[in-house]
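The sequence and coordinates are shown first.

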Amino acid sequence: AIPEFDPSDAVHQSLASLSQRAHQLAARGKAAEAELRQVETEIDRLAAKLWSLTEEEMAEVQRSLEELE
């Protein structure tokens, strides 16, 4: 289950901030692609932590997403 947002949780706060930053960068287009990739990587890392995913499980998720592209 997806955890409910907890404003007192540092991981939740970081994910919220990173999500806002990702939207800002995406709106800037190609000029911000490199920074956007970095932000997305950090979002992935924190989401994996939030859901207690192992590195192997996270790699499988990423492989599955690549197949959808």
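What percentage of the contacts in the protein with a separation of 6 or more is accounted for by residues 24 or more positions apart? Such pairs account for 41% of those contacts, where contact means heavy atoms within 4.5 Å.

## Basis of the model

This is a predicted model, in which local features need pLDDT of at least 70 and side-chain atom pairs count only at pLDDT 80 or more, whereas totals for chains, interfaces and linings use all residues. Residues are numbered from 1 along each chain as its sequence is written, and side-chain values use heavy atoms, with hydrogens and water left out.

## Overall architecture

The secondary structure comprises three helices and zero strands, and along the sequence the pattern reads α-α-α. These elements are DSSP runs numbered from the N terminus (helices: H or I, at least four residues; strands: E, at least two). Taken along the principal axes, the C-alpha atoms fill a box of roughly 35 × 30 × 15 Å.

The protein has 69 residues, of which 19% count as buried. Buried denotes under 20% relative accessible area, exposed over 50%, and partly exposed the range in between (1.4 Å probe, protein chains only). Accessible areas come from the Shrake-Rupley method with a 1.4 Å probe; for residues, only the protein chains shown count as cover.

## Helix α2 and its packing

Helix α2 spans residues 33-50, a run of 18 residues. From its first C-alpha to its last it reaches 25 Å, close to the 26 Å expected at 1.5 Å a residue; the expected span is 1.5 Å times one less than the number of residues. Just after α2, Ser 52 adopts a positive phi of about 55°.

Within α2, the buried residues are Leu 36, Val 39, Leu 46, Ala 47 and Ala 48. The buried residues of this helix pack against α1 (10-28) and α3 (55-68). Leu 36 touches Ala 22, Leu 25 and Ala 26, when residues up to four places away in sequence are not counted.

## Nonpolar core and a buried histidine

In soluble globular proteins, nonpolar side chains tend to be buried together. Here the largest nonpolar core has nine residues: Val 11, Leu 15, Leu 18, Ala 22, Leu 25, Ala 32, Leu 36, Val 39 and Leu 46. Helices α1 and α2 each supply at least two residues of this core, and the largest share, five residues, comes from α1. A nonpolar core is defined as a set of buried Ala, Val, Leu, Ile, Met, Phe, Trp, Tyr and Cys residues joined through side-chain atoms within 4.5 Å.

His 12 is found in helix α1 and is buried, with a relative accessible area of 8%. Leaving aside neighbours within four places in sequence, His 12 is in contact with Pro 3, Glu 4, Phe 5, Asp 6 and Leu 50.

## Salt bridges

The structure holds four salt bridges, each defined by a side-chain nitrogen of Lys or Arg within 4 Å of a carboxyl oxygen of Asp or Glu. One of them joins the side chains of Glu 35 and Arg 21 (2.8 Å, N to O). Because Glu 35 lies in helix α2 and Arg 21 in helix α1, the pair ties together parts that are 14 residues apart in sequence. Glu 35 is partly exposed at 32% relative accessibility, as is Arg 21 at 27%.

Another salt bridge pairs Glu 42 with Arg 45 (2.6 Å, N to O). These two residues are three residues apart in helix α2, so they are separated by about one helical turn. Glu 42 is partly exposed at 27%, and Arg 45 is partly exposed at 47%. Arg 63 forms a salt bridge with Glu 60, with 2.9 Å between the closest N and O atoms. Arg 63 and Glu 60 are three residues apart in helix α3 and therefore separated by about one helical turn. Arg 63 is partly exposed at 43%, and Glu 60 at 40%.

## Nonpolar surface patch

Ile 2, Trp 51, Leu 53, Val 61, Leu 65 and Leu 68 make a nonpolar surface patch of about 620 Å². Patches are made of residues with over 30% relative accessible area and no salt bridge; like charges are joined within 9 Å, and nonpolar side chains (Val, Leu, Ile, Met, Phe, Trp, Tyr) within 5 Å. Ile 2 is located in the segment before α1 and is exposed, with a relative accessible area of 70%.
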